[in-house]
Amino acid sequence: IYTFDTIIKKYANKKPQENKKTKKDYKLIRNQEDLIDLSKEIKKYEYFSIDLETTNINPNIAEIVGISFSFNTNQAYYIPFLSPNSNALSLDLFINLFSSVLTSEKYKIIGQNIKYDLLVLKRHGIKVQNVYFDTMIAESLISPEKNSYKLDNLSLDYLEYQMQPIEELIGDKKNNQILMSEVALEKVSFYACEDADITLQIFNKQSQLIEKMALGNLFYNIEIPLISVLLNVEYNGIFIDENYI
């Protein structure tokens, strides 16, 4: 059961529901007015998930293609900054409108492998302070026997929902992949919104398991605070004795 994830998914008794059976309310933020409205709407919610689309898997060089938010099940918003279309918005404007939300202890931010997003955001001048939950880390405590904590797999496990594969947008590693910033805006928007939406839904289930399994102290007081420590190490680097090395 530890190394045959693909086979297990294929022959499991429960099959993932088709996406078309789940109504999604995903919205693309197309202009400054929409962005301002979203900045006001998000302040009504205590919890929300965030997901970044970027140009590289290395957070130290990645540029932000867009950001998605979700604060209600099956609902999400995507803000584009890099796009082959002409609908890209200003990252500076986003920072001005959303910095107070991303740094206030009033709000609780949820993510999947959120350290990556935090490092990219920090490089762009956004220092997120109020991280509350990471679904990847939570799953490593809930199910330490698993060999993969990818969001696609968690979606199948918790929601019986098949997410859109990223290969449908940028291609696979064996062929020449394209940058996410080169993908049609509508396609990126759905993909990004789905990531934020599914992350929020998984959080709703995992948070209950964390408490039921008495993992709250380990998760909230050790694992989550450690994110900022590792973030600073990756951002600043570490001193070494160059001559000795």
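In which helix is Leu 226 found, and what else can be said about this part?

Reply: This is a predicted model, in which local features need pLDDT of at least 70, side-chain atom pairs count only at pLDDT 80 or more, and totals for chains, interfaces and linings use all residues. Residues are numbered from 1 along each chain as its sequence is written, and side-chain values use heavy atoms, with hydrogens and water left out.

Leu 226 is found in helix H9, which spans residues 216–236; helices (H or I, at least four residues) are DSSP runs, numbered from the N terminus. Leu 226 counts as partly exposed because its relative accessible area is 37%, where buried means under 20%, exposed over 50%, and partly exposed in between (1.4 Å probe, protein chains only).

Leu 226 also belongs to a nonpolar patch on the surface, together with Val 229, Leu 230, Val 233, Ile 238, Ile 240, Tyr 244 and Ile 245. A patch of this kind is made of residues with over 30% relative accessible area and no salt bridge, whose nonpolar side chains (Val, Leu, Ile, Met, Phe, Trp, Tyr) are joined within 5 Å. A salt bridge is a side-chain nitrogen of Lys or Arg within 4 Å of a carboxyl oxygen of Asp or Glu. Together, the residues of the patch have about 860 Å² of accessible area, calculated by the Shrake-Rupley method with a 1.4 Å probe.

By contrast, Ser 155, in helix H6 (residues 151–159), is buried, because its relative accessible area is 0%. Leaving aside neighbours within four places in sequence, Ser 155 is in contact (heavy atoms within 4.5 Å) with Glu 160, Tyr 161, Met 163, Ile 198 and Ile 202.

Key:
Patch = residues over 30% accessible without salt bridge, like charges linked within 9 Å, V, L, I, M, F, W, Y side chains within 5 Å. Helix = DSSP H or I, 4+ residues; strand = E, 2+ residues; numbered from the N terminus.
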